[in-house]
Amino acid sequence: MFTSLSQGNHSAMNPSAPALYDAVLLDRDGTLVEDVPYNGDPEKVRPLPGAREALDRLRAAGLRLAVVTNQSGLARGYFTERDMHAVHARIEELLGPFDHWAICPHDDTDGCACRKPAPGLVHEAARALGTAPRRCVLVGDIGRDMAAALAAGATGILVPTPVTRPEEVAEAPAVARDLPGAVDEILRRDRAVRPVAPRTGRAGTVLVVRSDSAGDVLVTGPGIRAVAAGAERVALLCGPRGRAAAELLPGVDEIIEWPLPWIDGSPEPVDPDDMRRLTARLAAVGAEEAVVFTSFHQSALPLALLLRMAGVPRISAISDDYPGSLLDVRHRVPVGVPEPERALSLAAAAGFALPAGDEPALRLRADLPAPAVDLPASDYLVVHPGASVPARACPPERCAEIVAALAADGHRVLVTGGPGERELTARVAAAGGTDLGGTTDLAGLARILAGARCLVVGNTGPAHLAAALGTPVVSLFAPTVPFGQWAPYRVPTVRLGDAGAACRDTRAARCPVAGHPCLSGVDPARVVAAVRRLAPG
């Protein structure tokens, strides 16, 4: 048995090329240097402990560096542009050179597109560095930094200081104790998705597994594509709830649909005859190896036992529990890693990597069928009020108020939902939207989302569908599961909802708190503002 730890993964093929990120963007005050309000004096520059060493590690890893900083002192006349450049020259003298400085000189009242939490500085820095926001990670000390990163589609890591508010810490996608800790996390994540050892040739048939709902299957897509890049043929074992999503993934040659009683949320009793039939079906695949993808709270070992009984000679999976002889590659992943990266890291531990030019992002097949409904010729937004897990759905009355607010702001709003959600979508759409509930399958919904300016949705499958299409997401996110693991991946996003609610990290399927306060308190005006930030007219 080979045990891999994601901290130790490395790429023997191209160890110097960043896999996840091209650039690190850094807030200035409170992140790189001590926060001296409206500082125009280079003599007051004091680097934070360990900053120079941390930045040099990023430079040595081939990552480009930029500073993204709000400097409203310029607009207020507290210092001159010459003073600011003198401060920046002193920072570079102490911390080394930066590849770009992205500066907002405006005040909050100016209504500019660059002042954080707007994403303008992130876009500017990415352009200047010759990359895209999705390949950048922003390190900052307050919620504005994280909001700017998310709205641009970049990764955000918060390094709290005494002035960081508790709610900002709760909302952050990732938190590090300080800048050196953030650099540790950036480099660890990048190493984790690189193969431990290169393959000398392509594998034959590989069985990949993700037996869960549509959203779970979609976030596993990058890991499955990595396997497909190194295999002659890929068969995917999934459950009934994930079948429609499996049909949308590139790299899958065969789909085997089978419910697994140790995975399903409402399982049937274990049927020995059904397990024998499943074992025979797995043996019929003729797989040379299997890669078993699971969520962070699931076990791969029951299926690994059946795969051994089916004669699969090599099995890779994530397992904190001792697997005995059930696994050839036992991989472990720290808590909090985004699910797509978690899947990619397992594929890398098994020796598979995405090919050159394939971004580590969610993707769908290019040959999606057209939706069964006529779409508006003009711009439109989509509101999807339902969720596969009730605790993650925004209350219908609040969704209706959101639709009304968006319509009053001049937007054409389409309300979508599955066949079992017609009553819900009709109720929500009556506030000013067009009801499309039950009119499309998942592939049709993908086509609708592909043409939308923005999607307003809870933490459910369509959020990941939108991420795979590059459609911005206003995420009404119930904190029952960690946002950093389940946020729409590498797509412009605004998070709304109470991140510190009592249901936080409970993984509850039904809201354990009366009144569903984490989402019932979402202000429709904030949704309108979020849409304006993500999809300006």
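**Cavities, pocket and rings**

Tutor: The cavity count comes to six of 30 Å³ or more. On a 1 Å grid over the protein atoms alone, a cavity is a set of points where a 1.4 Å probe fits but cannot get out; lining residues have an atom within 4 Å of a point. This is a predicted model: local features need pLDDT of at least 70, side-chain atom pairs count only at pLDDT 80 or more, and totals for chains, interfaces and linings use all residues. Residues are numbered from 1 along each chain as its sequence is written, and side-chain values use heavy atoms, without hydrogens and water.

Student: What volume has the largest cavity?

Tutor: Its lining has 17 residues, with Leu 150, Ala 154, Thr 155, Pro 173 and Tyr 489 closest to the centre. A volume is the space filled by probe spheres set on the points, which are joined across faces, edges and corners. For the largest cavity that gives about 210 Å³.

Student: Which residues lie nearest the centre of the largest pocket?

Tutor: A pocket is an open set with protein on both sides within 12 Å along at least five of seven lines. The largest pocket holds about 1100 Å³ of space. Of its 39 lining residues, those nearest the centre are Ser 213, Ala 214, Arg 241, Ser 388 and Thr 460.

Student: How many aromatic pairs are there?

Tutor: Rings of Phe, Tyr and Trp (its six-membered ring) pair if their centres lie within 6.5 Å; planes under 30 degrees apart are stacked, over 60 edge-to-face, the rest tilted. By this rule the count is three.

Student: Why is the pair of Phe 98 and Trp 101 classed as it is?

Tutor: The ring centres of Phe 98 and Trp 101 are 5.5 Å apart. Their planes stand at 75 degrees, so the pair is edge-to-face.

Student: Is Phe 477 buried or exposed?

Tutor: Phe 477 pairs with Phe 483, 5.0 Å centre to centre and 90 degrees between the planes. Buried means under 20% relative accessible area, exposed over 50%, partly exposed in between (1.4 Å probe, protein chains only). Phe 483 has 3% and is buried. Phe 477, at 0%, is also buried.

Student: Which ring does the charged end of Arg 59 sit over?

Tutor: A charge sits over a ring if NZ of Lys or CZ of Arg is within 6 Å of the ring centre and within 35 degrees of the ring normal. Arg 199 lies over the face of Phe 352, at 3.8 Å from the ring centre. For Arg 59 the distance is 5.6 Å, and the ring is that of Phe 98.
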